[in-house]
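Please keep the sequence and the coordinates at hand while reading.

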Amino acid sequence: MGDGLVQARGLRKSFGGFEAVRGVDVDVARGEIFGFLGPNGAGKSSTMRMIACVSPRSGGELSVLGMDPDVDGPRIRARIGVVPQLDNLDTELTVRENLEIYGRYFGLSRAHVRHKAVELLELAQLGDRGDAAVESLSGGMKRRLTIARSLVNDPELLLLDEPTTGLDPQARHLLWDRLYRLKGEGVTQIVTTHYMDEAEQLCDRLVVMDGGVIVAEGSPGELIAGYSTREVLELRFPPGTVAPVETVEQLADRVEVLPDRLLLYTSHGDHLQAELARRGLTPLSALVRRSSLEDVFLRLTGRSLVD
Amino acid sequence: MTHTDLPRTRAPGGRASGPLAGVLLVLEHHWTWYRRNWRATAVSSILQPLLFLLAFGVGFGTLIDGTGRAAQATGGLDYLVWLAPALLCVSAVQTGVFDSTYPVLSGLKWQRHYLAMTATPIGPGQVVAGHLIWMTIKIGGCGAVYVAVIAFFGGVRSPGIVLALLVAMLAGAAVGAPVTAFSAGVEDEGSAFTVLFRLVLIPMTLFSGTFFPVDRLPAWVQPITWLSPLWHGTELARAAALGGGAWLPALGHTAVLVALVAGGSAVAVVRFRRRLYR
């Protein structure tokens with residue numbers, strides 16, 4: 001294999017008879033932010049756990065930081081940071097103790113983790129809550145602490161499994177800013193997310209997973225160019241009326257039928273809107289917008305009507 | 001997360017500690033917890049044995065001391081003196097069961113801090129070893145306080161009680177290790193623990209020769225008591241504190257307890273690994 005920080009070839013994971021990951025090839029280069037997108041049960045978290053060396057692979061090859069997780073698990077884990085999907089703080093310790101104790105598990109000295117904890121408390125905006133019990137923190141604070149904790153060993157590789165779940169918009173934007181800075185410092189990051197705007201903001205490259213396999217791969221721009229049109233016309237019709245799907249299908253490149261609206265994929269949204277008006281179609285509301293990763297996602301994960 | 005530029009403490013980089021150093025770090029974690037929470041645990045781990053001591057050693061003891069049958073059973077010793085080493089074992093075994101049930105399941109399932117630990121260079125074996133060693137140390141610490149209290153009531157006759165305390169620690173670990181293995185296999189909310197407490201722990205406490213010698217039981221029941229780690233611990237602790245034990249049975253009791261520690265730990269590590277690294 002080459003010199004990627006994480007490389008997987010034909011990576012598989014099965015639980016009993018169920019195959020969660022069914023042959024995945026991934027190359028994550030040093031210094032990039034790499035994303036895993038996909039609906040629930042797509043195999044994102046299982047893949048992340050194999051990379052984090054906390055889940056032995058069922059098949060295929062995997063190399064993390066140039067080492068084999070089956071052989072060098074502890075040595076790899078020493079150099080990575082992990083933000084799990086569900087917080088697993090020690091709620092009976094204080095905020096500061098959580099950071100210090102966790103740091104000690106990485107073989108760091110007491111003096112070092114003491115300093116590091118102060119810095120991470122500031123980072124997580126928990127500077128005045130250092131001696132509070134974790135139990136007393138709000139959900140968002142706990143999430144911020146979990147994220148801060150993942151940086152205690154100054155990891156080369158940071159694995160973030162749905163990091164912003166439970167954060168308010170301000171905290172999300174601040175986290176993105178922070179992750180961008182870490183990228184500037186050369187920290188490679190792998191992110192799974194449900195939020196398309198997050199993936200678009202953060203990721204240099206990403207893969208879309210569905211049913212345990214990768215269905216698309218590229219930069220956000222490449223994926224939008226490859227799997228969607230330049231613009232999208234969103235139409236909303238009054239409840240109870242039958243949406244004129246057949247008519248719009250003739251006019252748009254592709255149509256996505258959602259429970260509450262129609263998405264019309266086209267290169268020129270305004271032209272299409274004018275043409276619909278000429279034909280006497282009167283939606284409740286119409287909105288022209290640029291294509292986003294969400295459109296790619298809807299198409300790739302099997303909710304598309306016309307392919 | 002904040003915008004301001006912060007002075008960054010650059011790490012020398014994390015590294016994987018050796019097997020033993022890793023266990024010491026887990027012990028440091030337990031100690032950090034204990035420093036903050038010792039008051040709450042001191043109440044349960046010292047008050048409860050104290051109540052046993054008052055009820056049986058002092059209350060019940062003064063009732064039967066001086067009667068011929070009691071003297072026959074205790075070999076002529078005061079009941080409290082005869083009871084003391086056994087009470088150390090009861091308290092140790094109870095701690096071994098309680099500390100290895102809900103707290104272990106919480107680490108794996110509710111609070112999930114074992115998952116956090118094993119995402120670092122620390123492995124499941126070190127988590128298990130740290131848990132069992134810490135529990136044993138705690139049993140020793142609480143037992144030492146207990147010995148002082150028993151001495152205050154006049155229940156200590158020889159320095160052999162120190163050896164009895166070590167035996168109690170071994171008995172606590174001999175119960176804690178298999179129970180830890182059992183807890184690691186529990187997938188539900190721990191309903192099996194109630195069964196364990198009621199159908200195993202309580203009968204074991206009552207019929208392991210703690211309060212009366214097992215030879216007072218019907219002959220057909222006696223072999224069942226041999227299954228009890230508490231009985232092995234009690235026999236051994238009594239021999240250590242009061243003298244009069246023969247070498248061969250002592251060796252046998254020790255072997256059973258050590259085997260339970262070793263076997264229980266081995267199964268616990270396998271189950272922890274399966275559960276944490278699935």
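Which residues of H1(B) are buried? They are B:Gly22, B:Val23, B:Leu25, B:Val26, B:His29, B:Ser45, B:Pro49, B:Leu53, B:Gly57 and B:Gly61. A residue is called buried if 20 or more other C-beta atoms lie within 10 Å of its own, exposed if 12 or fewer do, and partly exposed in between, with C-beta atoms placed from the backbone.

The model is a predicted one, in which local features need pLDDT of at least 70 and side-chain atom pairs count only at pLDDT 80 or more, while totals for chains, interfaces and linings use all residues. Residues are numbered from 1 along each chain as its sequence is written, and chains are lettered from A and ligands numbered from 1 in the order in which they are written.

Helix H1 of chain B covers residues 19-64; helices (H or I, at least four residues) and strands (E, at least two) are DSSP runs, numbered from the N terminus. Its 46 residues would reach 68 Å as a straight helix at 1.5 Å a residue, yet the end C-alpha atoms are only 52 Å apart. The expected span here is 1.5 Å times one less than the number of residues. At B:Asn37, H1(B) bends by about 75 degrees, the bend being the angle between axes fitted to the seven residues ending there and the seven starting there. After H1(B) comes B:Gly66, with a positive phi near 90 degrees.

The packing of H1(B) involves both chains: its buried residues pack against helix H3 (95-104) of chain A, and against helix H3 (79-99) and helix H6 (124-152) of chain B. Chain B as a whole has 11 helices and 0 strands. Of its 278 residues, 47% count as buried. Contacts require C-beta atoms, placed from the backbone, within 7 Å; in chain B, residues 24 or more positions apart account for 82% of those with a separation of 6 or more.

Chain A, by contrast, has 11 helices and 13 strands. It is divided into domain 1 (6-221) and domain 2 (229-290), with bounds from an automatic or database domain assignment. The C-alpha centres of these two domains lie 39 Å apart. Strand S11 (residues 254-257) and strand S12 (residues 262-266) of chain A pair in the antiparallel sense over 4 bridges, where pairing needs at least two bridges found by DSSP. The two strands form a hairpin with 4 residues between them, and A:Val257 stands opposite A:Leu262 in S12(A).

Note on methods. Two residues are in contact if their C-beta atoms, placed from the backbone, lie within 7 Å.
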